[in-house]
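Dear colleague,

Please find the structure below, handed over for your review.

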Amino acid sequence: MKQWIVDETQQNERIDKVIVSLHGDTSRTHVQKWIQDGHVKVNNQLVKANYKVQEEDTIELEEPEVQSTEIKAENIPLDVVYEDQDVIVVNKPRGMVVHPAPGHYTGTLVHALLYHCHDLSGINGEARPGIVHRIDKDTSGLIVAAKNDHAHEHLSQQLMNKTTIRHYKAIVHGVLSHKKGTIDAPIGRDQKDRQKMAVTDKNSKPAVTHFTLEETFQAYSYVTCELETGRTHQIRVHFHYIEHPLAGDPKYGYKKTLPIEGQALHAETLGFVHPRTGEDCLFTAPLPSDMVELLEDLRKQD
């Protein structure tokens, strides 16, 4: 156990910032996880990360043991769009799960990354090494993983500050009535079905999706979506909410739909500031063949 006494120079500082300065060998994200998991006490009481310390406070840190990952690397081909010593950007295929979860203990993007990289950030724990954000199993497209904790923390902060660029292409049911629009509706766990998310004012978080209509067909629309926030299933939930669910969506869509395995959604563009160089990075991934074929068929029918 590590213990410190707060002095007057640290008065009214957040507990997470104080521990980072005192510990000297960890990131703020790590410290916040320790606080969340109950490894930090002030005056023998558990506190939250935003607690403001007072002079003479006694801080105690029971640093958790580092657990080695039990996930085995798997030689799974990756479509690597960009890679350097800090980050790797991958074009994930539809059908691949991002990280291990019940029912998906092998064949995930994490298993493939462990084989390909050998060096990933440990901030998100042994089940999600390197994973900064995620996209759904049946959504294709760009995802960035961090190779070290500095890169992970930097990228996570950009997501929190809403400065990353994330554009998606989607095919939705119905003909949208507006060329451009914004869906600003909070998302939380569906009270009737815990496996789903929903637009709700109960235990929800703000969620904002901007969209641009690219093309219309007899019964479908092709749109570009820009995420301002990144809630679970956000685009799928928002378009279900405005009664234009994504084609092929098994959870939020219609049974009568287009012939595609999973929702017609592709993470096309990803942009962020490089955590080491400070340069603007912008990557694009072409539409997968199944969505290209759907669009060609819809054009022929018009």
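Leucine 246 counts as buried, at 0% relative accessibility; buried means under 20% relative accessible area, exposed over 50% and partly exposed in between, with a 1.4 Å probe and protein chains only. The model is predicted, so that local features need pLDDT of at least 70 and side-chain atom pairs count only at pLDDT 80 or more, while totals for chains, interfaces and linings use all residues. Residues are numbered from 1 along each chain as its sequence is written, and side-chain values use heavy atoms, with hydrogens and water left out.

Leucine 246 is located in the loop between helix H5 (234-241) and strand S14 (265-273); helices (H or I, at least four residues) and strands (E, at least two) are DSSP runs, numbered from the N terminus. Beyond its neighbours within four places in sequence, leucine 246 has contacts (heavy atoms within 4.5 Å) that include Ala170, Val172, Phe239 and Leu265.

Lysine 169 belongs to strand S8 (residues 165-173). Lysine 169 is also buried, with a relative accessible area of 11%. Its side chain makes a polar contact with the side chain of threonine 224, at 3.0 Å; such a contact is a pair of N or O atoms within 3.5 Å, and within protein one must be able to donate a hydrogen and the other to accept it, residues adjacent in sequence counting only if both atoms are side-chain atoms. Among the other residues in contact with lysine 169, outside four places in sequence, are Glu214, Tyr222 and Glu268.
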